Amino acid sequence: MADLERHWSAPKGFDAAEGSAVPLPRIYNSLKDSKQSFVPVGGPASKQLTWYECGPTVYDSAHMGHARNYVTFDIVRRILEDYFGYSILYVMNVTDVDDKIIRRAKRNYLLQQYQKQHPDPVQVLSEVLSALTDSIAAQSHKLAETTCGAQSARNNAKLARSNQAKDTSKWEKLAKELDTASAQEELKLTQLQKAQDSLKQKGPQSSVSDILAIGGDTLGEVLDKREGHTVTDKTIYRQHAARFEKEFLEDMDSLGCRRPDVMTRVSEYMTEIVEYIQTIMGNKMAYESNGSVHFDTQAFRDAGHTYGKLNPWAVGSAALAADDPDTRQGNGEKRHPTDFALWKAAKPGEPSWDSPWGQGRPGWHIECSAMASRIIGERLDIHSGGEDLRFPHHDNELAQAEAHYHGCGCQQWVNYFLHTGHLSIQGLKMSKSLKNFVTIREALETDYSWRQLRLMFALSPWDRPMQYGQQAADEMQAKEALFKNFFQNVAVVMRQHSTAHTSKWAEDGQEADLAKRIQAAQQRVHEALLDNLNSKAALDALLDLVKDTNKYLADRQGHPQGPPAQPFLVRKAAAYVTRILRVFGISTAPPDQLGFGGEAGAAAASADGSAKYLDAFALFRDTVRSLAKGNKSSGDILAACDRIRDETMLELGVRLEDRGDESIWKLEDPDVLRQEQQAKQQAAAEQKYKKATVAHSKKQAELTRLQKLVQLPPIAEALKDKFSRFDDDLNPTHDTQGNELDPKAAAKAKKVVDKEKKTREGLKKLESDSELLTRTEGELRQLAQEMDKLRLAAQSQ
């Protein structure tokens, strides 16, 4: 196992930048796993950057795990460009030639053909169940191997700790990664077992489509092994990749991500990739074997390079490299277990291209090294991707590039490697292979708006894991509403300002305090962005400023006779909040506008032209409400005012709010107003149902009590097991043996009788009202019917 020493060469001018009076941003660099001052290749004063982002492998729809990566790095990019003023050449690849694409396109095609040729669900069910049985056995074996590897790493870590060995950390890190891998393999096994159980339960009465919806992926693997070599039409693969590339770019647009400056597609760089491999071979760090070319990791080390710079503890772990086809392929052809494929010899049923080694296609890792080098060259400022790409993909990229530029003395191809933390769902990273994903389109259709998603990612440190779920969605809706309400409050103050209002700051010091809070928020944001581009801390500072400004406005507006709110000061706060939200891509407002922008911004742009009409209407409503309040019989007028507020103005996208004896208006998206109104109606309906439930329970208890009273026997009969004789007032005189009660016993007996009399007091009411029981039963039925109506009404909201 490799030594854990981390090899990193500081860029030119790094030491001077570290001691500079003007601090540079400090960024978490995966090559050192620590924060370091960010110094461009051109030196501390340079504002020119190069950035290569590992783009999508376009074999399926993008999910929220992809959004975590691309939206997060879009925010990081915007901070560097729009806040710190760097000019970035931003390059992103699209992998359109890859094992996953070939496998998915081929299996989809074979499944379509299979379904056409096999209409009998009994036969299909039998084949799918057989495929699942084999897959479960294979997955069980894989899980056992991974679990065993994790246990072995834990044992080695324990031994290293007890011996205080230098390699303790690498064994601990390896054990942690293998534990995660084991949990993922266990989930895959569970999913296979659930699919098997579900199909057995459904039986052959299911349709072929239903059977394949559950077990199609597993059957597809069998069909691929059996018939994959027959799929020779290259357009099947290209059309598959083109479809999901288009969908990915549309998804990124819907999330507000900036397009890259350069987008490299693997299928268009075959010549450059072949030449890149030839250079590595010429430097004696790759070798040909049976039409394939493998990277020679041992020769790379012998030439003075370090293999495994990002995850040195993972080098040599078969379990962690198990899902990498370039490492797994050609085990019988490789010189060393850690060698990996640069070029793969053609196989039947796969697309291929010409090369000096015969027909074939590139490995996964080589594409990024070759294409990034073609556009940027032998030194990159930034390379980025998801945490799961650190090993083996990015470690292999680094090795390939250093081997390619070996003649130039290259020991470091990338200065800063950035990796986003995983997006987890129920404790495991969201992944296509784990089938625990939510697509971007599903998330946007159900739980989030694009702005709420950007808020969620900006409020999570970019380099740390984060959780996905309904709680996060609820929190982001609340955060978005808080910002929106703030901008609306500021707009009201700006609208209501006139030259008649004093512009002098009040003696109570509130304006001076707010001004200081604005300055403090600006300083907090700047310090946060210097410290690892910490958008979460920056947004926390903005949220505090929003709350401070809202508090100032509430205090000023809550005392009409006191000093007025100063519009230019609150506008300053809103302008700064807008600016930073614009930097994060959360606001689309142009520089001369406040707020989120978009539809709300367009409406705000026309606010000045319509303000006098809206103000006139608000004044009219105030007058009508005032008259109605003076006449208690004028409820209809108040109801009409409410209908205008809740119906007419809602559809116009105007929110009317009562503030004491006056109304204020705010522009809002009608859909938002409808959702709020629906939520209020839902809450009101639920409250009515709750009240009806309580009333029904009380009436049921009343009926039960009356029914029990009717069934009560006379007192003498009820107490015959205690007393044998009673006087005219029903007081016991003799016990059950016929013995006369002494005074003390008679007093106790009287208390017993008094209790029975009290229990029967309700009988007097029944005796005086013979219809009481029947009427109570009818009232209970009416309440039950009312409950049913209210329950249905609540469900329909």
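Start by selecting Trp-8, Phe-14, Phe-38, Tyr-86 and Tyr-416, which ring pairs link into a cluster. Keep in mind that you are looking at a predicted model.

Next, widen the view to aromatic pairs, of which the structure holds 18. One of them is Tyr-83 with Phe-84, an edge-to-face pair at 5.0 Å centre to centre and 85° between the planes. Both of these residues, Tyr-83 and Phe-84, are buried. Now pick Phe-487 and Phe-596, also edge-to-face, with 5.7 Å between centres and 80° between the planes. This pair links distant parts of the chain, 109 residues apart: Phe-487 belongs to helix H15, while Phe-596 sits in the loop between helix H18 and helix H19. Phe-487 and Phe-596 are buried.

For a charge over a ring, show Arg-77 and Tyr-90: the arginine lies over the face of Tyr-90, 4.3 Å from the ring centre. Then try Arg-464, which lies over the face of Tyr-28 at 5.3 Å from the ring centre.

Time for salt bridges; there are 52 in the structure. Select Asp-74 and Arg-454, whose side chains meet at 2.5 Å, N to O. Asp-74 is in helix H2 and Arg-454 in helix H14, 380 residues apart. With a relative accessible area of 2%, Asp-74 is buried, and Arg-454 is buried at 0%.

Move on to Glu-185 and Lys-142, a salt bridge with its closest N and O atoms 3.8 Å apart. Because Glu-185 lies in helix H5 and Lys-142 in helix H4, the pair ties together parts that are 43 residues apart in sequence. Glu-185 is buried at 6%, whereas Lys-142 is partly exposed at 25%.

Methods: Residues numbered from 1 in each chain as written. Predicted model: local features only at pLDDT ≥ 70, side-chain atom pairs only at ≥ 80, totals over all residues. Heavy atoms only, no water. Phe/Tyr/Trp six-rings, centres within 6.5 Å; stacked < 30°, edge-to-face > 60°. Buried < 20%, exposed > 50% of the residue type's maximum accessible area, 1.4 Å probe, protein only. Helix = DSSP H or I, 4+ residues; strand = E, 2+ residues; numbered from the N terminus. Lys NZ or Arg CZ within 6 Å of the ring centre and 35° of its normal. Salt bridge = Lys/Arg side-chain N within 4 Å of Asp/Glu carboxyl O.
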